[in-house]
Amino acid sequence: MRRLLALLLVPITAAVVYVQRRIDAELAGFAARERLLFADSPDRLRQLVPGFELVLADIYWLRTVQYYGSESLFNAEPRYDELRTLIEITTTLDPRLELAYRYGAVFLSEGFPIGAGQPEAGKEILEKGVRANPDSWRLRWDLGAHWFFFMKNPKQAADVLRQARKHVPSAPFWLESLAARFLEGDDRSSAREIWRHQYETGEGVIRENALYNLQVLDALDIRDAYRAAIARFRAAHGRPPESLGELAQAGYVRDAAPRDPTGAPFVYDAADGRVKMARTSRLWRSKYE
Amino acid sequence: MAAPGLSRVVAVAANTFRESVRERVLYNLVLFAVVMTFSSLVLGELSIRQDEKIVKDLGLASIDVFGTLIALFVGVGLIRKEIERRSLYPLLCKPLSRGEFLIGKFLGLSFTLLVNVALMTLGVFGALLLAGRPADLHLLTAIYAIYLGLLLTVGLALFFSTLASSQLLATLWTFSLVVAGRFSDVVRNMQQVTSVPRWLSETLYYLLPNYRNFDLKARAVYGEAVSPDLLAWITAYAALYLSAVLFGAHQAFRRRELS
């Protein structure tokens with residue numbers, strides 16, 4: 001009898017799994033928002049859990065990361081409808097959770113479909129972080145970088161960095177020189193400086209992202225050098241070179257098969273005489289064409 | 001040589017400790033707290049560089065929640081069980097006053113809680129070490145404050161168990177007061193959003209046990225030092241409130257008809 005009951009457990013367990021899957025399929029989409037948020041008023045939620053705000057903030061942060069990850073990686077048509085609310089809830093429950101502001105702003109601001117494509121929302125999250133943590137130079141630094149990259153406003157970016165130096169004693173000295181460089185107007189050099197500091201001071205995804213952007217800048221430098229060489233060739237010969245080999249043979253460049261920092265070869269289009277990043281390269285984006 | 005009254009209190013406390021460590025529910029709760037703490041290691045892996053914070057947050061919350069459950073359920077049953085099993089009567093026939101019995105019971109459970117909190121603290125530090133993080137001593141200030149709050153809960157549980165006619169009622173009253181005490185700031189600000197007069201919200205604020213005082217978790221997790229002054233004030237608050245509650249419990253127990 002006991003053995004029979006034990007044997008019955010297997011089909012019963014399988015049946016439970018099957019039924020649960022059917023229920024999940026029925027509820028897919030319908031209850032997703034409800035399950036995700038529980039409550040969409042951060043302040044009200046904070047009042048509901050006195051003494052346990054930090055744990056709930058952790059739970060919401062995990063939900064934020066999972067939500068962002070599942071949408072950006074596994075959804076063919078990602079939607080980031082709840083991202084802002086999740087980040088708001090997390091940072092209201094634990095206003096000192098700096099990473100939630102920093103990563104949250106990146107998740108929100110990166111162009112769609114990698115991010116939500118909402119740089120204004122990302123800026124507001126970072127501003128909220130600065131208000132809650134006025135002594136954090138990192139948040140001010142991220143806000144400055146945000147103004148530079150996403151809001152395309154170097155003057156405001158420089159202003160934020162100078163404020164950081166003025167109000168936060170622990171802020172590093174190079175914020176001042178970077179602010180000056182923003183105002184000089186050399187965007188690529190400023191960008192390189194920002195990413196270099198992000199790479200040196202950041203960790204995890206932020207460091208990886210900085211490395212990616214530094215490699216992109218290096219690739220763009222190589223591409224532009226070849227484009228300039230081709231322009232000189234064209235000016236001298238009245239036509240573009242038939243190949244990069246011809247360009248190298250003529251002494252305009254040394255390497256006939258240039259590669260980007262990831263090792264992917266650049267592509268030369270003889271028809272329009274332009275050097276481009278290979279679409280197979282990890283660094284390729286349509287905006288770099 | 002200890003005074004006879006003191007030795008009687010110690011004897012009751014030791015007996016209560018022995019009795020409470022035999023409670024199966026106690027082991028379940030402590031085990032669950034430790035499992036919760038170690039589960040934070042898995043949760044930490046899912047976050048982005050938040051493993052250490054999650055271990056600390058979940059560890060402290062587990063000590064708080066499960067410590068409260070132990071204080072509540074074991075505390076409420078301490079005296080009621082003695083009455084229901086009729087084991088109280090022969091005790092009180094001995095040269096043992098009801099006050100000594102009550103204090104002994106309180107001290108016994110307080111010691112049980114101390115041992116349990118220490119075990120759960122070891123669990124948190126163990127989880128931190130497994131995560132490759134150092135044992136952050138700042139956590140001890142938060143745990144100390146949690147322990148003070150637990151002592152208050154034991155006091156309230158004893159008070160209501162001497163007052164209420166049933167264990168369920170005593171549990172409900174204690175639980176309600178512990179929850180209300182955690183919302184003390186909401187109580188104080190009530191007059192801003194409702195028509196409750198200011199004097200009433202202020203009275204309630206000072207009357208209810210203010211469990212917000214014992215919440216130093218955020219400071220501990222972010223490595224913020226807690227001033228000795230604040231710790232001294234929190235300790236004084238717990239001692240004062242506890243002495244009032246135990247006095248009330250003593251009065252209620254003294255007048256109680258044991259039939």
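Two residues are in contact here if their C-beta atoms, placed from the backbone, lie within 7 Å. By that criterion, 22 residues of chain B are in contact with 16 residues of chain A. Helix H2 (24-46), helix H3 (51-84) and helix H11 (217-221) of chain B are the elements that give two or more residues to the side of chain B that touches chain A. H3(B) gives the most, with six residues. The residues on this side of chain B divide into twelve nonpolar, two polar and eight charged, where Ala, Val, Leu, Ile, Met, Phe, Trp, Tyr, Cys and Pro count as nonpolar, Asp, Glu, Lys and Arg as charged, and the others, Gly among them, as polar.

This is a predicted model, in which local features need pLDDT of at least 70 and side-chain atom pairs count only at pLDDT 80 or more, while totals for chains, interfaces and linings use all residues. Residues are numbered from 1 along each chain as its sequence is written, and chains are lettered from A and ligands numbered from 1 in the order in which they are written.

Chain B has twelve helices and zero strands; helices (H or I, at least four residues) and strands (E, at least two) are DSSP runs, numbered from the N terminus. The C-alpha atoms of chain B fill a box of roughly 60 × 50 × 35 Å along the principal axes. Buried residues make up 42% of the 259 residues in chain B. A residue is buried if 20 or more other C-beta atoms lie within 10 Å of its own, exposed if 12 or fewer, and partly exposed in between, with C-beta atoms placed from the backbone. Of the contacts in chain B with a separation of 6 or more, 80% are between residues 24 or more positions apart.

Helix H6 of chain B (residues 139-163) has 25 residues and reaches 36 Å from its first C-alpha to its last, close to the 36 Å expected; the expected span is 1.5 Å times one less than the number of residues. H6(B) is largely enclosed by the rest of the structure, because 22 of its 25 residues are buried.

The largest nonpolar core has 120 residues, and those with the most contacts inside it are Leu83(A), Leu161(A), Val154(B) and Leu158(B). H6(B) gives the most to this core, with 16 residues. Apart from it lies another core, of eight residues, among them Tyr226(A), Ile230(A), Phe233(A) and Leu247(A). A nonpolar core is a set of buried Ala, Val, Leu, Ile, Met, Phe, Trp, Tyr and Cys residues joined through C-beta atoms within 7 Å. Not counting residues up to four places away in sequence, Leu83(A) touches Tyr67(A), Tyr68(A), Phe107(A), Leu108(A) and Ala116(A).

Chain A has 13 helices and two strands. The radius of gyration of chain A is 26 Å, well over the 19 Å that the globule rule gives for 289 residues, so chain A is more spread out than a compact globule. Along its principal axes the C-alpha trace of chain A spans about 90 × 55 × 30 Å. Chain A is divided into domain 1 (33-133) and domain 2 (224-288), with bounds from an automatic or database domain assignment. The centres of these two domains, taken over C-alpha atoms, are 43 Å apart. In chain A, 33% of the 289 residues are buried. Residues 24 or more positions apart account for 47% of the chain A contacts with a separation of 6 or more.

Leu97(A) lies in the loop between helix H5 (83-93) and H6 of chain A. Leu97(A) is buried, with 25 other C-beta atoms within 10 Å. Its contacts, not counting residues up to four places away in sequence, are Ala57(A), Trp61(A), Thr90(A) and Thr91(A).

Two further loops hold backbone exceptions. Most residues other than glycine have a negative phi, and most peptide bonds are trans. A cis peptide bond joins Phe112(A) and Pro113(A), with omega about 10°; Pro113(A) lies in the loop between helix H6 (98-109) and helix H7 (119-132) of chain A. Phi of Lys152(A) is positive, near 50°. Lys152(A) lies in the loop between helix H8 (137-149) and helix H9 (154-167) of chain A, and is exposed, with 11 other C-beta atoms within 10 Å.

Terms used. The radius of gyration is taken over C-alpha atoms; the globule rule is 2.2 Å times the number of residues to the power 0.38.
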